[in-house]
Amino acid sequence: LTLRTFHIGGTASRIAEQSSIVAKRSGAVHFNNFDAVERPAEGLVAVGRNGEIELLDEQGRPRGGRYRVPYGAIVKVSEGQQLEGGAVLYEWDPYNNVIVTDKAGVLRFADIVEDVTYREESDEATGLRHRVIVEHRDRTLSPHIEVVDQAGNALSHYIIPVGARLFVRDGDKVRTGDVLVKIPRERSKTRDITGG
């Protein structure tokens, strides 16, 4: 038996990324700068970008490290909860950035037009087809999704970037914490590098 090792980069190097983050030590959970909404039956969904989980000792001092909670992560612990090392703190999608709704209501699409601002594409990895936001020539169009109440009043507004895969449809009912779109990290990283 011959073992070979290969250096891999890009997406392949991140295949080993964890989708669950666990506590390295025991301690009491403390949320820092943490903004979240409740997703029924699943727990808290982070809707802020600077939230952290700290683990505190019996004297209330940080001892178990700090864990930055990414936007869209599903948090599996609660404030003050006593944990053992190895307990799951949160779950997240290491391959996609997401946009989640912080309000419940009905979705209203704007400037999301087939074959103009989005088209159906096949995912090479899964073979599934997705509606993907694409670049377009008409600069007056700005694809976005609103969450509205029963009277049609806008509660939240989300601008949808190029490359985002739509996971919802116009007129869908949503709950707080529902995923609206996923943006593959490789694509969003490339856009960051090119200043997009």
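A pocket, as the word is used in these legends, is an open set of points on a 1 Å grid over the protein atoms alone, with protein on both sides within 12 Å along at least five of seven lines, and its lining residues have an atom within 4 Å of a point. Grid points are joined across faces, edges and corners, and a volume is the space filled by probe spheres set on the points. The model shown is predicted, so that local features need pLDDT of at least 70 and side-chain atom pairs count only at pLDDT 80 or more, while totals for chains, interfaces and linings use all residues. Residues are numbered from 1 along each chain as its sequence is written, and side-chain values use heavy atoms, with hydrogens and water left out.

**View A. The second largest pocket and its lining.** This pocket holds about 430 Å³ of space and is lined by 20 residues, of which Tyr71, Asn96, Asn97, Val98 and Arg185 lie nearest its centre. At least two lining residues come from each of β10, β18 (179-184) and α2 (185-193), and the largest share, four residues, comes from β10; helices (H or I, at least four residues) and strands (E, at least two) are DSSP runs, numbered from the N terminus. The lining divides into nine nonpolar, four polar and seven charged residues, where Ala, Val, Leu, Ile, Met, Phe, Trp, Tyr, Cys and Pro count as nonpolar, Asp, Glu, Lys and Arg as charged, and the others, Gly among them, as polar. Arg49 lies over the face of Tyr71, at 4.2 Å from the ring centre (the rule asks for NZ of Lys or CZ of Arg within 6 Å of the ring centre and within 35 degrees of the ring normal).

**View B. The open sheet that contains β10.** Five strands, paired in the antiparallel sense, follow the order β10-β18-β16-β13-β12, two strands being paired if DSSP finds at least two bridges between them. At the edges stand β10 (96-100) and β12 (118-122), each of which pairs on one side only. Within the sheet, β13 (residues 129-133) and β16 (residues 165-166) are antiparallel and share two bridges, and Arg131 has Leu166 of β16 as its bridge partner.

**View C. Strand β14 and its two partners.** All five residues of β14 (residues 144-148) are buried, that is, under 20% relative accessible area with a 1.4 Å probe and protein chains only. His144, Glu146 and Val148 lie on one side and Ile145 and Val147 on the other, so that both faces are covered. Five bridges join β14 to the antiparallel strand β11 (residues 105-110), and five bridges join β14 to β15 (residues 154-159), also antiparallel. Val147 is the bridge partner of Leu107 and stands opposite Ser156 in β15. Five residues separate the strands in the hairpin of β14 and β15, where Gly152 takes a positive phi near 90 degrees.

**View D. The open sheet that contains β1.** Here the five antiparallel strands are ordered β1-β9-β7-β4-β3. Because β1 (20-22) and β3 (36-39) each have a single partner strand, one side of each is left without a neighbour in the sheet. Two bridges join β4 (residues 43-46) to β7 (residues 74-75), with Val45 opposite Ile74.

**View E. An aromatic pair.** Phe31 and Phe34 are stacked, at 4.4 Å centre to centre and 20 degrees between the planes; rings of Phe, Tyr and Trp (its six-membered ring) pair if their centres lie within 6.5 Å, and planes under 30 degrees apart count as stacked, over 60 as edge-to-face and the rest as tilted. Phe31 counts as buried because its relative accessibility is 15%.

Definitions and conventions. Buried < 20%, exposed > 50% of the residue type's maximum accessible area, 1.4 Å probe, protein only. 1 Å grid on protein atoms, 1.4 Å probe; cavity = no way out; pocket = protein on both sides within 12 Å on 5 of 7 lines; lining within 4 Å.
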